[in-house]
Amino acid sequence: MSIVSAIAQEVSKRGGTMIIRIKQDLRAAGKDATGRLINETKGDTTVNGNVVLFEGKAPGHYEFVDKGRRAGATPPPIKAINAWIKQKGLDLNAYAVAKSIGEKGIKATNIYSDNVEKFIKDMDLTEGVRSEIIKDIKQ
């Protein structure tokens with residue numbers, strides 16, 4: 001086995017572990033109402049020459065779960081709120097819920113960013129490379 005193949009195998013293994021942890025953390029935080037966030041959070045390892053890449057994929061709204069939503073922001077789409085209300089079996093007005101989220105915001109969970117940071121640290125990169133990657137994901 002070549003060194004690149006060995007690295008790709010290790011990156012894939014650790015990336016898969018990271019995805020499992022993200023899904024576990026989402027469930028523990030109660031962020032599994034419709035199941036979409038958990039079901040569509042995936043990862044894939046690719047090799048291009050000597051470059052090994054692990055790419056995480058998640059639905060667009062993962063960012064609001066991870067980083068939160070600031071108070072005073074544009075309310076979320078009513079369609080998404082309706083799906084959440086239906087899945088939870090609640091008797092709520094979707095417009096009122098969306099308006100409230102827009103006004104009050106949503107607290108950040110940092111589930112994705114914390115797990116990605118741990119993945120990077122576990123890969124035992126040099127401190128300079130590690131800090132640059134972590135700085136990028138925190139933006």
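This is a predicted model: local features need pLDDT of at least 70, side-chain atom pairs count only at pLDDT 80 or more; totals for chains, interfaces and linings use all residues.
The chain holds seven helices and two strands, laid out along the sequence as α-α-β-β-α-α-α-α-α.

**Whole chain**
- Of the 139 residues in the chain, 27% are buried.
- Take the contacts with a separation of 6 or more: 59% of them link residues 24 or more positions apart.

**H1 against H6**
- The crossing of H1 past H6 is right-handed.
- On the H1 side, the contact is made by Val11, Arg14, Gly15, Met18, Arg21, Ile22, Asp25 and Leu26.
- H6 answers with Ile111, Tyr112, Asn115, Val116, Lys118, Phe119 and Asp122.

- Met123 sits in the loop that links helix H6 (111–122) to helix H7 (127–137).
- Leaving out residues up to four places away in sequence, Met123 touches Val11 and Arg14, and both of those also belong to the H1 side of the H1–H6 contact.
- Glu10 is 113 residues away from Met123 in sequence, yet the C-alpha to C-alpha distance between them is 8.8 Å.

**H4 against H5**
- Helix H4 (residues 78–88) packs on helix H5 (residues 94–104) at about 115 degrees, and their axes are 9 Å apart.
- That angle makes H4 roughly perpendicular to H5.
- H4 also passes H5 in a right-handed crossing.
- From H4, the residues making the contact are Ile78, Ile81, Asn82 and Ile85.
- From H5, they are Ala94, Tyr95, Val97, Ala98 and Ile101.

- Strands S1 and S2 (residues 51–57) run antiparallel and are joined by seven bridges.
- Going through some of the pairs, Thr46 has Leu53 in S2 as its bridge partner, while Val47 stands opposite Val52.
- In a regular strand, side chains alternate between the two faces of the sheet.
- Two residues lie between the strands of this hairpin, and Gly49 takes a positive phi near 70 degrees there.

- Look for Thr41 in the loop between helix H2 (36–39) and strand S1 (42–48).
- Buried or exposed? Thr41 is buried, because its relative accessibility is 1% and the cut-off for buried is under 20%.
- The Thr41 side chain reaches the backbone oxygen of Leu37 at 2.5 Å.
- Which residues does Thr41 contact, leaving aside neighbours within four places in sequence? They are Ile19, Ile22, Lys23, Lys57, Ala58, Pro59 and Tyr112.
- Two names on that list, Ile22 and Tyr112, turn up again in the contact between H1 and H6.

Technical notes: Residues are numbered from 1 along each chain as its sequence is written. Side-chain values use heavy atoms; hydrogens and water are left out. Helices (H or I, at least four residues) and strands (E, at least two) are DSSP runs, numbered from the N terminus. Buried means under 20% relative accessible area, exposed over 50%, partly exposed in between (1.4 Å probe, protein chains only). A polar contact is a pair of N or O atoms within 3.5 Å; within protein, one must be able to donate a hydrogen and the other to accept it, and residues adjacent in sequence count only if both atoms are side-chain atoms. Contact means heavy atoms within 4.5 Å. Two strands pair if DSSP finds at least two bridges between them. Axes are lines fitted to C-alpha atoms, for helices over the stretch in contact, and angles run from 0 to 180 degrees between N-to-C directions. Angles under 35 degrees count as roughly parallel, over 145 as roughly antiparallel, 65 to 115 as roughly perpendicular and the rest as oblique. A crossing is left-handed if the near helix is turned anticlockwise from the far one by less than a right angle, and right-handed if clockwise.
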